[in-house]
Structures are given as structure tokens and as C-alpha cells.
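Subject: Structure handover

Hello,

Here is the structure for you to look over. Please open it first, then read my notes below.

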Amino acid sequence: MQDGVRNVVIIGSGPAGYTAAIYTARALLHPLVIAGVLPGGQLMLTTEVENFPGFPDGVLGPELMELMKRQAEKFGAEIIYENVVDITLGNPLERVPFKIKTDGGKEFLSWSVIIATGASAKTLGLESEKKLVGRGVSTCATCDGAFYKNKRVIVVGGGDSAMEEATFLTRFASEVIVVHRRDKLRASKIMQERAFKNPKIKFIWNSVVHDILDPAKGKVEKVILKNVQTGSLTEMPIDGIFVAIGHKPNTEFLVGKIEMDEQGYIKVQNGSTRTSYPGIFAAGDVHDSKYRQAITAAGSGCMAALDCQRFLESIGLVD
Ligand code: NAP
């Protein structure tokens, strides 16, 4: 840190944020990680992770994140548990630092910023859904599918995620019913074919989830579906509901400051993590709606750290 200005502030603490922290800490850039009030990212919502290389027997999502955090701290990364509410753009080339404000009222100055705030699963917005999350309502089949052995479940959505989740769930569930608000899927042809061919998957078209019962009992017993064409309501007994209607990048605090696509994903320059603004880098799901894996996020955190280090060197802020 020079004159109260840090070399790099990393916003977010999923695999992308912690990997960026490990690399920038080992490069002696003394990073500050603003981890959020619910640190660890989406892996905190999972149980067993079986596809992260190096863990042949699997590892629990929260445990993996704790290990990454410890590894970052071991090399000197500083971590605070607040949310970023605003960034004032700086101009590191002319020695004007970025100003980063948190909801805890703190303000940090930095020559560079790595955004690794990830994405969150979209939800239906029902009160009952909110109350039953983790009690029969899930946004992650990979995480919770195994709890539905020989049960009947609904998957809401018509995109690739919904088809992927529905197909995956047939490993466990006796029946998977895809509920889609139109009569055509948005998913790619190959994913559609796979789902149509699977004898365990059924479709209910032109319908949305109107309500979920029974929050008072703390478990999912029934769903009330609404046909959007006729307006009619149908009650259906069900054991679980998987909401797969897309993800939303966590970029609200950056609107109007750096370039994003129409869904709010940060645009990066081809083959790098550089954003449209010099000194700001993006890593992980916040710029990647395609791969969305812990390992790809970690890889992109590493890229952001290296891009950031080279940027600071190129403008003479570090040796
Ligand atoms: P998506 O393509 O945006 O699809 C979201 C689906 O949810 C759409 O069918 C949409 O309906 C429906 N939906 C949205 N809001 C809804 C609401 N409030 N109520 C009911 N339904 C709602 O999202 P995604 O499936 O997560 O895919 C995101 C990106 O990741 C895509 O580019 C996809 O190709 C990619 N992806 C790829 C793979 C793979 O290749 N293996 C796997 C997963 C995701 P409408 O169709 O009516 O809009």
C-alpha cells in the first residue's frame, strides 16, 4: 500500500475471488478481499463437489471454500466481510485511485479492482418459494438431486439449464415434470432431444408455478400450476421443485461504469479478463454465463490476477 492506496481490491469470495487473492498475494500485491456478508459464493449452497480436480474422494462445497480462503490468508491476503455498494472510477494511469465503498461505511482506495462477485440463481419470486428453499425448493439439481430418490419432482424453465437439470434428476427421481411458461423450449436442439427422449421426463406447457404448499408444514407437498392461456389453476402433489430459470450476475453496483451485455454480464476483452475500463478486471461467473464451473471460475481468477499484476507493472505502479 502506498499513501493509503492499495494495489488491488478483489470483490467477491467464490473460487474466482479466492484464486485471484492467492495469486496476487503470492505476487506480493497485498490484496484486500471484500468477501461479502455471505462469503464463499455458490459453492456454499452445495454439498459434495466431485469434479474439482485434486479431490478424488470429493469435497464438501463449504469445506473447499474454507480451504481456498485459508490458502489466500496464508500468503497475506486481507479479508473483510462486507458488501460493496459503490465504486467511484479512478484513473490509475494518471494516479487517481478507484474508491470502493462498503455497506459497513468503509471506503478503500485502490489502483486496480478485480470483480469476482459471481451470479445468483433467479427465483420465481413467490413468498412460499422463499420459505421452502432448502426444504423441497432448490436452484441446484447437482447439489440436491440425490435427496429425491424415487420421488416426483418439477423442474421450472425451458432453457439449457432446465433440460440439463431435468435430465440429471432422472438418475434419482421416478418422474421429472418440466413446467414451462410457453409451448416451445428455449434450450438448444441437442438438449431438447435428450430430454424428449427420456421416458422419465414429462412436460407441462404454457404453465407457471402459481404457489407452493405447504410453508406452514415446512415442506413441499403440492404445487399449484396456472395455465397462462386459460388462467385455470391445477393442484398437483409433488416432492420437490427445481427452479432453473437462469442466473443473474451480481453487477448492480457497476451499472453505467463498465460495459456489460444486456443481461448484466461484464464484457471482457477476448482471451483476457480486462474489462472496458483500464484497471478493472472481471473473473468467474460475473462475466461467464457459459461454463459456470468452480474450476473455470478459479482459472479465470488466476488470469485476472496475472492481468492485474501486468497492468500495475506496465504503468509503473509496482516493480
Ligand atoms: P435461459 O437460457 O435464460 O433460460 C431461462 C428459461 O427460464 C427460459 O426458458 C425462460 O422462459 C424461463 N423463465 C425465465 N424467467 C421465468 C419465470 N419468471 N418464470 C418461469 N419461467 C421463466 O437460462 P439458462 O437455461 O440458465 O441458460 C443460460 C445460458 O447458459 C444459456 O446461454 C445456455 O445455453 C447456457 N447453458 C448451457 C448449458 C450446456 O450447454 N450444457 C447448460 C446450462 C446452461 P422463456 O423461454 O419463455 O423466456
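Which residues touch the most other members of the largest nonpolar core? They are Ile10, Tyr18, Val33, Ile114 and Leu312, in a core of 36 residues. A nonpolar core here is a set of buried Ala, Val, Leu, Ile, Met, Phe, Trp, Tyr and Cys residues joined through side-chain atoms within 4.5 Å. Buried means under 20% relative accessible area, exposed means over 50%, and partly exposed is in between (1.4 Å probe, protein chains only).

Before the rest, a note on the source. This is a predicted model, in which local features need pLDDT of at least 70 and side-chain atom pairs count only at pLDDT 80 or more, while totals for chains, interfaces and linings use all residues. Residues are numbered from 1 along each chain as its sequence is written, and side-chain values use heavy atoms, with hydrogens and water left out.

**Cores**

Back to the 36-residue core. Helices (H or I, at least four residues) and strands (E, at least two) are DSSP runs, numbered from the N terminus. Leu312 is in contact with Asn7, Leu29, Trp111, Ser112, Leu317 and Val318, leaving aside neighbours within four places in sequence. Contact means heavy atoms within 4.5 Å. There is also a second, separate core of 21 residues; Leu169, Val176, Val178 and Ile201 are among them.

**Ligand site**

- Arg182: a polar side-chain atom lies 2.8 Å from a ligand oxygen.
- Arg181: a side-chain N or O atom is 2.9 Å from a ligand oxygen.
- Glu164: a polar side-chain atom lies 3.0 Å from a ligand nitrogen.

On its own, the ligand has 920 Å² of accessible area, and the protein covers 71% of that. Areas come from the Shrake-Rupley method with a 1.4 Å probe.

The buried residues of H5 are Ala162, Met163, Glu165, Ala166, Phe168 and Leu169. Their cover includes helix H4 (141-144), helix H6 (189-197) and strand E14 (175-179).

**Backbone**

Most residues other than glycine have a negative phi, and most peptide bonds are trans. Check these exceptions. Leu28 has a positive phi of about 60° and is not a glycine. Leu28 sits in the loop between H1 and strand E3 (32-34), and is exposed at 62% relative accessible area. Asn150 also has a positive phi of about 60°. Asn150 is in the loop between H4 and E13 and is exposed at 63%. A cis peptide bond joins Leu213 and Asp214, with omega about 20°. Asp214 lies in the loop between strand E16 (207-213) and strand E17 (222-227).

**One more loop**

Val268 is in the loop between strand E20 (247-249) and strand E21 (280-282). Val268 is partly exposed, at 28%. Beyond four places in sequence, Val268 is in contact with Thr273, Arg274, Ala282 and His287.

Best wishes

How values were computed: A polar contact is a pair of N or O atoms within 3.5 Å; within protein, one must be able to donate a hydrogen and the other to accept it, and residues adjacent in sequence count only if both atoms are side-chain atoms.
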